[in-house]
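Good morning, and thank you for joining this group meeting. Please have the sequence and the model open as I speak.

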Amino acid sequence: MINTTVEIAVDCREWYLIDKNIEGICQETITKVFENGTIPLRSSKREIGLLLTTNDRMVDLNKMYRKKNTPTNVLSFPNGLQRFDETPIFLGDIAIGYSVTLEESIEANLPFLSHMQHLLVHGCLHLLGFDHEETDEAEEMERVEIKILRDLNIDDPYDLSARSNNKL
């Protein structure tokens with residue numbers, strides 16, 4: 001049995017306008033990341049912190065940790081001290097900015113929740129050591145993202161032909 005503890009903080013009320021059960025959606029999404037079987041973790045216990053926040057907060061975080069004075073959609077802060085035995089593993093923190101996520105979903109003609117879940121999956125994969133600096137790394141990360149999103153009944157976000165049928 002997989003035991004994933006997610007501490008969720010929501011400091012932007014607009015997230016609740018999208019769905020009153022936004023925390024439940026995030027918990028389900030994160031659980032799917034670990035249940036998909038693609039990621040070989042020996043421990044059945046893991047912990048993640050998640051912040052659903054504003055653009056202003058994302059600017060502050062991006063500036064502090066990446067030296068970029070702009071908002072961004074998702075930031076991941078891997079713990080780097082993972083222990084792969086049966087003790088709980090604190091994998092790290094993820095922050096997702098509401099307004100950038102909304103703008104991107106509109107521009108890409110994607111449902112907001114689907115896009116947010118994709119960002120959350122992406123952030124979780126970064127906590128697990130995935131990266132996209134090199135082409136082969138990016139292709140592997142996308143392949144895993146697509147598989148997890150499919151398990152969540154979300155279309156492939158990289159398939160541009162599927163976007164024309166989506167509604168916000």
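Let me begin with a term: a residue is called buried when its relative accessible area is under 20%, exposed when that value is over 50%, and partly exposed in between. Ser-105 has a relative accessibility of 0%, so it counts as buried. Please keep in mind throughout that what we see is a predicted model.

Where does Ser-105 lie? Its place is in helix H4, which covers residues 98-107. Eleven residues along the chain separate Ser-105 from Met-116, and the C-alpha atoms of these two residues are 8.4 Å apart.

I turn now to the overall arrangement. The protein contains six helices and four strands. Followed along the sequence, these elements come in the pattern β-α-α-β-α-β-β-α-α-α. Of the 168 residues in the protein, 45% are buried.

Next, the strands. Strand S4 consists of residues 90-97, and six of its eight residues are buried, so that the strand is mostly covered. Which strands pair with S4, and in what sense? Strand S2, residues 45-53, pairs with S4 in the parallel sense, over seven bridges. Within this pairing, Leu-52 has Ile-96 of S4 as its bridge partner. Strand S3, residues 74-78, pairs with S4 in the antiparallel sense, over five bridges. There, Ile-94 of S4 stands opposite Ser-76.

I come now to the charged side chains. How many salt bridges does the model hold? The count comes to three.

Consider Arg-57 and Asp-11, which form a salt bridge with their closest N and O atoms 2.8 Å apart. Arg-57 belongs to helix H3, residues 55-66, while Asp-11 sits in the loop between strand S1 (3-10) and helix H1 (14-18); the pair therefore ties together parts that are 46 residues apart in sequence. Arg-57 has a relative accessible area of 36%, so it is partly exposed. Asp-11, at 36% relative accessibility, is also partly exposed.

Another salt bridge joins the side chains of Glu-140 and Arg-143, with 2.7 Å from N to O. These two residues are three apart in helix H6, and so about one helical turn separates them. Glu-140 is partly exposed at 31% relative accessibility, and Arg-143 is partly exposed with a relative accessible area of 44%.

The side chains of Lys-147 and Asp-151 also meet in a salt bridge, at 3.8 Å from N to O. Both residues lie in helix H6, four residues apart, which is about one turn of the helix. Lys-147 has a relative accessible area of 26% and is partly exposed; Asp-151 is partly exposed as well, at 36%.

Finally, let us look at the surface. Which residues gather in a patch of negative charge there? They are Glu-133, Glu-134, Asp-136, Glu-137, Glu-139 and Glu-142. Let us take Glu-139 from this group. Glu-139 is placed in helix H6, which runs over residues 135-151. Is Glu-139 buried or exposed? Its relative accessible area is 53%, and Glu-139 is therefore exposed.

To close, I would set two residues side by side. Ser-105 is buried, at 0% relative accessibility, whereas Glu-139 is exposed, at 53%. Thank you for your attention.

Notes
Residues numbered from 1 in each chain as written. Predicted model: local features only at pLDDT ≥ 70, side-chain atom pairs only at ≥ 80, totals over all residues. Heavy atoms only, no water. Patch = residues over 30% accessible without salt bridge, like charges linked within 9 Å, V, L, I, M, F, W, Y side chains within 5 Å. Areas by Shrake-Rupley, 256 points an atom, 1.4 Å probe, with all protein chains shown as cover. Salt bridge = Lys/Arg side-chain N within 4 Å of Asp/Glu carboxyl O. Lys, Arg positive; Asp, Glu negative; His and termini not counted. Charge placed at Lys NZ, Arg CZ, Asp CG, Glu CD. Buried < 20%, exposed > 50% of the residue type's maximum accessible area, 1.4 Å probe, protein only. Pairing = 2+ DSSP bridges.
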